[in-house]
Amino acid sequence: MAIYGGLFVSAFLAATVLPVSSEVVLAGLVAAGRGDPALLFTVATIGNTLGSVMNWIMGRGIDTLQTKRWFPITREQYEHASRTFRRFGAWTLLFAWLPVVGDAFTVAAGAARVHFGLFVVLVALGKAARYAVIIAGGLWAIA
């Protein structure tokens, strides 16, 4: 059970703006044959999606948070993500798994008041696809 809990925490933190890599944790677990791949996939996807939900919530309060010294997304990162988000809309959330800009996309979605249900579906689909590729690659490598 501990491996799933650790993976969940890793995936959750990786979706926030903290420098954590859930991909390395997941790939290591798969390569070591630790845990059921389907359950690892599910736990990582849920944890990472919930981390992005935290970013969406922060985006709802971006006006007050952005002036805080501890807020980890710079004004430039946020402005770039906002421009991209305005140009391509909610579809950018399929790429919420991308390093740095993905976190900013999820914050921009909160600021833009994207419907929560749509947000969760698009973010979860993108993150699930990424984790599926990581697990498939890990299983292929050990086969």
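Tutor: The buried residues of helix α1 pack against α2 (22–31), α3 (37–60), α6 (101–111) and α7 (116–142). This is a predicted model, in which local features need pLDDT of at least 70 and side-chain atom pairs count only at pLDDT 80 or more, while totals for chains, interfaces and linings use all residues. Residues are numbered from 1 along each chain as its sequence is written, and side-chain values use heavy atoms, with hydrogens and water left out.

Helices here are DSSP runs of H or I with at least four residues, numbered from the N terminus. Buried means under 20% relative accessible area, with a 1.4 Å probe and protein chains only. In α1 the buried residues are Tyr4, Leu7, Ser10, Ala11, Ala14 and Ala15. They lie on the same side of α1, because they cover an arc of only 125° around the axis; the arc is that of the directions from the helix axis to the C-beta atoms. An α-helix has 3.6 residues a turn, so residues three or four places apart point the same way.

The length of α1 (residues 2–15) agrees with expectation: at 1.5 Å a residue its 14 residues should span 20 Å, and its end C-alpha atoms are 20 Å apart. The expected span is 1.5 Å times one less than the number of residues.

Methods
Helices (H or I, at least four residues) and strands (E, at least two) are DSSP runs, numbered from the N terminus. Buried means under 20% relative accessible area, exposed over 50%, partly exposed in between (1.4 Å probe, protein chains only). Contact means heavy atoms within 4.5 Å.
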